[in-house]
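My notes follow in the order in which I looked.

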Amino acid sequence: KADRHFFSDDNALTKQIESTNAIDAEELDVRPVLSIIEDILRLAKPATFDTTIQVSLHILTSIRDPDQDSEIVKLLAYPINRISSEIICKCAAGGESHSVTMELLQSLSHYAWDAKVVITFAAFAINYGEFWLIEQLHTKNALARNIAALKDLPDILAHAGELRKKFEDVLDLLTAVIKVTHCIVEFKELPSKYISRQAPEITEATGHIPTAVYWVIRSLLVCAATLLNLVGTGHECISSPAESWEIRNLAHKLSVILEHLHKQLRVCKELIDQKKTNDKFNEFVSLTDSVHIDNMKVLRAIVHAREDQGPLYDPVKKTNVPLEMLRLKYVLLLITDLKIPHEEINILHLIYNQRTMRDEYEVLWLPVVDPTTPITQSQEAAFYSLRNNTMPWYSVDHPSLVDPVAIRYIKNRWMFESKPILVVLNPQGKPSNIDALPMMWIWGSTAFDFTRNREYALWQESNWNIDLLAVPVDSRIPEWIGLNKVICLYGGEDIEWIRRFTQTARSVANALNVPLEMLYVGKREPKEKTRRCHEIIQREGLSHIFPLKDYSDYVWFFWVRLTSMWNSKKQIGMTENDEIMQEIKDMLVFDSSEQGWAVFSRGNQEITKGNGEKVIQVLENSGNWMYKVDQPEKFVAVLHEEVSTLQPEHHCNRLILPGQGGNIPEIVKCSECGKTMDKYVMYRCCTD
């Protein structure tokens with residue numbers, strides 16, 4: 001308990017210590033002197049002992065001026081040597097530790113607290129270094145041997161056993177001294193740009209520094225006295241138990257002080273890091289909002305440059321390339337984590353390879369990982385597997401090259417969580433679309449330059465027909481359109497309904513001489529049932545299917561285009577009154593139910609659709625309306641009339657909308673009866 005309240009136990013001592021400090025105390029950069037002290041302690045290691053001082057390797061965050069460092073050392077040389085002499089005199093006179101410490105503090109009153117402790121430490125280091133210099137040289141240097149004789153120093157090697165414990169205790173105490181000293185100096189070096197000296201975090205910590213300085217100086221005096229006591233002992237090396245206890249007690253006191261100061265220093269550094277990060281983030285925001293002559297400033301802010309090799313990986317050349325490869329090009333940033341659905345990569349790969357404007361835009365993969373934790377081996381393996389085996393476009397050479405500030409921006413401003421997004425940077429580095437994937441899924445490279453204006457223009461040119469619905473998904477559909485065939489797309493997972501529907505539809509078409517091609521498109525989230533349906537349909541020859549090997553890619557592509565149409569329409573401000581949105585909603589209602597559904601189309605002129613119950617009922621009652629189809633070209637129009645007029649007595653429709661922020665309408669009308677549908681929140685985990 002005493003340790004936990006170490007700083008507050010003796011308020012009288014604290015006030016006494018603080019009273020020694022002058023108001024106009026001189027602020028100095030003492031880091032160069034501290035570096036020399038560390039060198040002396042390192043070089044003065046007792047050759048015969050394994051124990052050594054744990055010298056701190058302080059990494060300077062800025063390039064220092066050697067001339068300026070030298071000037072500081074010269075400036076402090078006199079007070080350092082003066083204090084060194086004082087230490088010898090006062091210790092030799094047997095001065096009491098507290099009194100001597102207070103006298104030294106008074107002598108250093110015009111220096112700041114960090115300078116007081118470093119000057120005293122340097123003064124001790126001179127005596128400490130001289131002691132060990134004589135010990136190291138006295139067997140091979142006549143001058144050192146004579147000085148050792150006059151001091152009557154004991155032969156360290158001869159008395160290693162008796163002296164080992166004494167020096168181990170001293171070295172442990174000096175290790176604690178240098179750690180606390182570093183901590184004090186670090187507080188002084190905290191940048192005022194990011195944390196004020198009046199900040200609560202600083203004042204709470206610096207309020208304890210005078211007491212810490214006191215105990216460091218007192219510890220140095222005890223170490224100095226221990227060395228001085230060896231003078232004149234010769235072969236009579238006697239270790240006082242009281243002396244050893246005092247050294248260990250001081251080491252413990254300093255460890256308590258260090259723990260407290262480290263805790264406060266961490267708080268301050270975290271605050272500084274947060275402010276630095278905020279500044280960098282604001283700079284990044286300003287950079288992306290500014291006008292540039294090219295895109296290089298923005299790209300360099302996103303991807304770290306490297307001196308030894310380019311930060312990008314070119315999968316064609318299988319080598320690293322510089323960021324300049326993307327200069328003045330439209331750059332599509334594919335932003336994902338390391339768990340990308342294979343369907344998305346495969347379809348995007350397909351679209352990328354179909355580009356007709358090969359030099360107009362490039363794709364760059366930015367894998368987003370947590371920048372606060374080291375990348376694991378499994379993450380690296382996943383990254384290289386994706387980069388080397390699935391991606392035909394540029395990628396960063398390593399996930400760590402994506403700047404942490406850029407990752408924060410990507411998450412906060414571009415709203416990336418885990419679902420892949422495709423951000424478009426124009427040739428000047430300006431984000432022109434923060435998610436172009438819906439446009440890419442709907443229109444492919446035709447959507448270039450992927451701006452909102454281009455999106456709006458494409459919708460102005462679009463109508464609800466088989467071309468919009470499915471042509472990009474299957475290359476056979478344009479052929480069927482060209483041959484003026486009736487095309488039927490159908491879905492669901494009820495294999496009995498599928499058998500019944502396909503056989504009935506084919507029977508009616510044959511009776512009317514209607515050239516019919518049917519294609520099974522599964523469900524929005526294909527699971528094992530969808531795969532089994534594909535296999536049965538192929539085995540029994542019920543209709544066309546997507547290639548069985550890649551069926552999940554094509555099923556996913558069909559449905560993601562529909563959900564992308566919904567989101568795209570919402571983004572440009574369309575409502576349910578829009579004809580295409582109504583049709584998309586109906587398709588999503590079909591898929592949200594447990595039953596099947598079908599769409600019939602002839603060319604790009606006529607199209608009709610219905611859920612499984614209505615379509616099968618109309619087809620099975622074809623005898624009532626077949627007479628209207630006096631030529632095959634009228635089949636879809638007549639079918640549309642029959643499906644539209646059939647109103648089941650009961651219905652229960654569900655609609656699962658693609659969950660994308662801001663695109664969920666408050667009111668949705670039922671496609672069967674026009675009533676407002678009840679709204680629920682659904683969370684689903686389906687392992688099929």
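For naming, I take helices (H or I, at least four residues) and strands (E, at least two) as DSSP runs, numbered from the N terminus. I am working with a predicted model, in which local features need pLDDT of at least 70 and side-chain atom pairs count only at pLDDT 80 or more, while totals for chains, interfaces and linings use all residues. Residues are numbered from 1 along each chain as its sequence is written, and side-chain values use heavy atoms, with hydrogens and water left out.

**Entry 1**

I looked up the peptide bond between Phe448 and Asp449 and found it cis, with omega at about 15°. Asp449 sits in the loop that runs between helix H15 (437-443) and helix H16 (452-460).

I then noted Lys318, which is not a glycine and yet has a positive phi of about 55°; Lys318 belongs to the loop between strand S1 (312-314) and strand S2 (319-321). Lys318 has 58% relative accessibility and so counts as exposed.

Asn484 also has a positive phi, of about 60°, although it is not a glycine. Asn484 is found in the loop between helix H18 (476-482) and S8, and its relative accessible area of 31% makes it partly exposed.

**Entry 2: strand S3**

How many residues of strand S3 are buried? I found that 7 of the 7 residues of S3 (residues 330-336) are buried, so the strand is largely enclosed by the rest of the structure. In a regular strand the side chains alternate between the two faces of the sheet. Here Tyr330, Leu332, Leu334 and Thr336 point one way from S3, whereas Val331, Leu333 and Ile335 point the other way, and all are buried.

I count two strands as paired if DSSP finds at least two bridges between them. S3 pairs with strand S4 (residues 361-367) in the parallel sense over 7 bridges, and within S4 the bridge partner of Thr336 is Pro367. With strand S6 (residues 421-425), S3 pairs in the antiparallel sense over 5 bridges, and Leu332 has Val424 as its bridge partner in S6.

**Entry 3: the sheet S9-S8-S10-S11**

I traced an open sheet of 4 strands in the order S9-S8-S10-S11, with mixed pairing. Its edge strands, each pairing on one side only, are S9 (516-520) and S11 (606-611). For angles, I use axes that are lines fitted to C-alpha atoms, for helices over the stretch in contact, and the angles run from 0 to 180 degrees between N-to-C directions. On average, neighbouring strands of this sheet are turned by 15° against each other, direction ignored.

S8 and S9 run parallel and are joined by 5 bridges, with Leu519 of S9 as the bridge partner of Leu489. S9 is mostly covered, as 5 of its 5 residues are buried: Leu516, Met518 and Tyr520 lie on one side, Glu517 and Leu519 on the other. S10 (residues 597-602) and S11 run antiparallel, joined by 6 bridges, and Ser601 has Ile607 as its bridge partner in S11.

Helix H19 (residues 495-511) lies across S8 (486-491), S9 and S10, and runs at about 165° to S9. Helix H24 (residues 635-645) packs on the sheet, touching S8, S10 and S11 (contact means heavy atoms within 4.5 Å), and its direction makes about 35° with that of S11.

**Entry 4: two helix pairs**

Helix H12 (residues 342-353) and helix H21 (residues 551-571) pack at an angle of about 80°, with their axes 9 Å apart. That makes H12 roughly perpendicular to H21, on a scale where angles under 35 degrees count as roughly parallel, over 145 as roughly antiparallel, 65 to 115 as roughly perpendicular and the rest as oblique. The residues in contact include Ile347 and Ile351 of H12 and Trp556 and Phe557 of H21.

The axes of helix H5 (residues 113-137) and helix H9 (residues 209-228) come within 10 Å and cross at roughly 10°, which makes H5 roughly parallel to H9. Among the contact residues I listed Phe121, Phe124 and Phe131 of H5, and Val213, Val216 and Leu220 of H9.

How values were computed:
Buried means under 20% relative accessible area, exposed over 50%, partly exposed in between (1.4 Å probe, protein chains only).
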